[in-house]
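Please look over the sequence and the structure shown below before reading on.

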Amino acid sequence: MGEILTNAPAEPAGAVTYATADGLLTSVWLLVAIPLVSAAVLLLLGRRADRWGHWLGVSAIGVSFVLGLASFFQLRGLENKSVELSLWDFITVGDLRVDFGLLFDPLSALFVLLITGVGFLIHLYAVEYMSHDGGRRRFFGYFNLFVAAMLLLVLGNNYVMLYVGWEGVGLASYLLISFWQDRPSAATAGKKAFLMNRVGDAGLAIAIFIMFATLGTTQYDEVFSNVGALTGGTVLVLGLLLLLGAAGKSGQFPLQAWLPDAMEGPTPVSALIHAATMVTAGVYLIARSNPVFSANTTLQLVVVSVGALTLLMGCIIGAAKDDIKRVLAWSTVSQIGYMFLGVGLGGGAYALAIIHLLAHGFFKANMFLGAGSVMHGMKDQVDIRRFGGLAKHMRITWITFMMGWLAIIGIPPLSGYFSKEPIIAAAFGREDWTAWLFGGAALLGAGLTAFYMTRLFVLTFHGPKRWTEEIEHPHESPKLMTVPLILLAIGSIGAGFLLSTSVPDWLTATAGLGGEHAEHHPVLSHAVITALSLLVTVLGAGLAWFLFRRGTATAPQPAGVLVTAARRNLYTDAFNETVFEKPGIFLTRALVFLDNRGVDGLVNGLAAAVGGGSGRLRRLQTGFVRSYATSILTGALLVVAAFLAVQAGWLA
Amino acid sequence: MSELKLPSIDYAALAPILIMLGAALLGVLVEAFVPRHRRHLVQLSLALLAVLAALTMVVLNSDDRLITAGSAIAVDGPALFLQGGILVLAAMALLLIGERVVERGGAFVAHAAVTAESPEDRRQAEGADGATEVYPLVTFAIGGMLIFVAANDLLTMFIALEVFSLPLYLLCALARRRRLLSQEAALKYFMLGAYASAFFLFGVALIYGFTSGIPGRSAGVDFATINAAVNESPASRVLLFAGMALLAIGLLFKAAAAPFHVWTPDVYQGAPTPVTGFMAACTKVAAFGALLRVFQVAFASASWDFAPVLGVVAVLTMLVGAVLAVTQTDIKRLLAYSSIANAGYLLVGVLAPSKDGLSGTMFYLVAYGFSVLAAFAVVTLVRDGDGEATHLSRWAGLGRRSPFFASVFTFILLAFAGIPLTSGFTSKFAIFGPALAEGRAWLVIAGVLTSMVLAFPYLRVVVMMWLSEPGESTPTVAVPGGLTAAALMIGVVATLVLGVAPAPLLDLATGAAEFVR
């Protein structure tokens, strides 16, 4: 204990060591505990806390933010910037030991600041946004629970702790999406989010078990130090499973369908969980596991492909949607695609992806809250075809949203320019022909992003009014909502430059991140790429401005093949339905039938069907002992037959 | 006449069993000689005291590793650990069984002989004190389970099986309300149970045949002989495999593994809820204790042969339990299917014949028992004028009516769903980790996938309780009496503690994880 080890060199196969926490850093556990206690108080006290509960929720996050900031500055002064705090032995089965411990290093410190900082502003905003909702206290309870789980996710020092937080955020997200349970669409969206997330979770869980089976540990330092000893095949499977988990949480192909539907939840939820924090957990997972991903180039190629494919899908679908929150949701899917692209490229691009993640947290939260503010003033209208000309009526929302818009499309000097353009350049920096493939995709994505975001902005705030009849005079939102908007807008302007100059150096202290820069000649020079990406951005934005400056029709128009496909989410939902949903329903029905009727019933049913007598069918009731006995007998015959088959050597 | 040689008996090692059976006999006498109005208190105290005394003896014996009573009983680490587990869980179940505040007269019928649904029956349902015969019956059942997990030959095991099964059949029939359902459940359980016992007994006969003819050993059904026979018996191996299959069927029936699970939903639904809890917790421990011993001691050398078959059974069990739980509309049936799925996970543990696998399985059994008893304790509390309201639609909006109990139940459901920081997570971890280390990856993958499916019905209940508005038919939650409250609290606290700091119990299980052979 107390022995400070020097930081490991940032190479995948090298040994990774963490220092033990002391001083202020021994209290990082409070970061998780404070929101957790607050959530417990809010949920357990019931109605008694209705009057002041939301302020407790806000202040819990505020305190966590201050503590996170203090710990951050503490960390800056340290030699080994990765400190571990082991609380107790969590699970011990034989040789398997899982530590209940936290790891505070540059990567998690940045995430802590993002989660608590942006989270605090969104909490503040929600006080006003939810003020007319009877369940506001409960809402803040779930919201605090989410923050606690998310902090645990990024602070854990092993994969099991990460999984603990991972499940926690999934649960909180499910509760928050279904918060307006009386809306059937919200209930369905909650289920969809839950099921698709479970697919990803299963991948992560199996990956963790594989680590146990092959490495005998899930501690980050031990896994990263020993990953080089694994065979290529094992690393590939491990990485693909981790990627599956990441894709599920982050709404990446092929598990992207739940994220846009999740917009059925209250808008602050969309801003915090489904834009700024939880959906970036997948990026965190891959960035954290970078020694695993860096150990296998095939794996990196898969991650890059998933990122590139998803970013294009998100753009194309986003351009065809008319619901303001869904456009933003698909844009989130697409932007996270950029981050996956970044982490997949590996090396220095890890840091670029993290910068984009942080910058995105600001400007996307800003735009979601802006959308909430618009909805607040427009009686919960979400259809951008029924907005228009709002710039005059909601000055603050307009200005702040404009900052978010300019930031996401990457106009200098706003944050998106500093965070997205380097990723495009890095994609062009690959060594073989894939430079053109992925670089081209990223560049095309930039143009499309400019197009659909401009469309959204122009249709909402400019052009003629297309409001529904009952709206006479849209009003600006109250101070409690606009102040967070202003602060987030400032973040959207300044964050990119600040982050891009400081974060890469800061992150190099994280195991394996920001490491070696392979020197080779990129296919295009950096200046050309910058010029190109600005050009496509201006083209895309200009086209959208030209098309939509006079508004748009208020009803769906007939459209070509591509637009129709994009409106239907590129038929991915239809695909999911045929491939997963229908067989699932069939399996359930078949099992129910067998279980209720027993094999006896099946035989009777066949007999009745053959004989055509409906009278016999009526006798098919459930729960007869003889049906059960027949089932057991059939099962018994099968088991005995199987054993004898083994004995005869047919199966073994 | 040659002198009869009596086997030496270590009475101290057998004390837990003897105490339980003695207390049961005493309970029968109490029924005969103690005045009716005092019987409840006397019987409950007697049963609880006996459990405590037996538990004390288990703790005192905790270092024993011996085979006694001829070679009929093995008192070793797993036996003692599982006996301790059964006794602790049985004490909780007894608290639920003894509850008389939630419903006047308790959960049991006063006179089982009164025709169901008759006017007289309705009168006695209103408030007559429930039958106190349940206590000796439960005590007998516990005694039988204690023998079952320690039995070292197949005949002792068979007798123990009957000793704990017969009282359970009776107990299932004694519900105060919905008596026809309860009697139907008992009859089904009895008939199918007898059917399964026949399989078991036939298996014993075949195995006996298989053990004859080993050089230097006489035939027998004790596990050491069987183990030797597996390696060197000249008899046809058809006998071995057919016998092993039939034995497995008898045990898998009790463990509620597919396709021998068909009785479970009906019986769980019809039986009085405290008895359902008792079966879900203690019977499961006993059945898996026996499965572990039979397959890891007697047939250990044949593990290459039985593992594929039992593996398929395990996957099928998980699948049936998880998928069918999704379609259930009754909370007790939902918990029954969940219990079936859990039997599947436990089978994964049985198929991981290492020290870690054994300790993980034992940990799982005890952790699951705590959670499931707490779950059924909550079920006894949610009621309306007609007794328990078990239809799921009635639970909508319960979170608004009674946030505390809804929170407790939510926590238990999250534990079943395997959400971290609950025992459900640590125990799945403890079982899947060793199974993977033993190279049973396909079982672990099936387990993870089905537990993902299984989480869905649980969370559906959570959402119904919290996010729906209470309807007119939403029942109230009764204020629990001290006994139910105690059982509920023990269950919830154990679920939490075993989820956050499972190390002490896991260490205990690991220390006990070695059979004497």
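## A pair of helices

This is a predicted model. How do the axes of helix H7 and helix H9 of chain B cross, and within what distance do they come? Helix H7 of chain B covers residues 179–211 and helix H9 of chain B covers residues 237–255, and their axes come within 7 Å of each other while crossing at roughly 150 degrees. Because an angle over 145 degrees counts as roughly antiparallel, H7(B) and H9(B) are described as roughly antiparallel to each other.

## The residues where they meet

On the side of H7(B), the residues that take part include Phe199(B), Phe200(B), Gly203(B), Leu206(B) and Phe210(B), while those in H9(B) include Leu239(B), Gly243(B), Leu246(B), Gly250(B) and Phe253(B). Taken by type, the residues of this contact between H7(B) and H9(B) divide into 14 nonpolar and 5 polar, with no charged residue among them.

## The chain as a whole

Along its principal axes, the C-alpha trace of chain B spans about 75 × 55 × 40 Å. A compact globule of 517 residues would have a radius of gyration near 24 Å, and the 22 Å of chain B agrees with this.

Of the 517 residues in chain B, 66% are buried. Among the contacts in chain B with a separation of 6 or more, 80% are between residues 24 or more positions apart.

Notes:
Residues are numbered from 1 along each chain as its sequence is written. Chains are lettered from A and ligands numbered from 1 in the order in which they are written. This is a predicted model: local features need pLDDT of at least 70, side-chain atom pairs count only at pLDDT 80 or more; totals for chains, interfaces and linings use all residues. The radius of gyration is taken over C-alpha atoms; the globule rule is 2.2 Å times the number of residues to the power 0.38. A residue is buried if 20 or more other C-beta atoms lie within 10 Å of its own, exposed if 12 or fewer, and partly exposed in between; C-beta atoms are placed from the backbone. Two residues are in contact if their C-beta atoms, placed from the backbone, lie within 7 Å. Axes are lines fitted to C-alpha atoms, for helices over the stretch in contact, and angles run from 0 to 180 degrees between N-to-C directions. Helices (H or I, at least four residues) and strands (E, at least two) are DSSP runs, numbered from the N terminus. Angles under 35 degrees count as roughly parallel, over 145 as roughly antiparallel, 65 to 115 as roughly perpendicular and the rest as oblique. Ala, Val, Leu, Ile, Met, Phe, Trp, Tyr, Cys and Pro count as nonpolar, Asp, Glu, Lys and Arg as charged, and the others, Gly among them, as polar.
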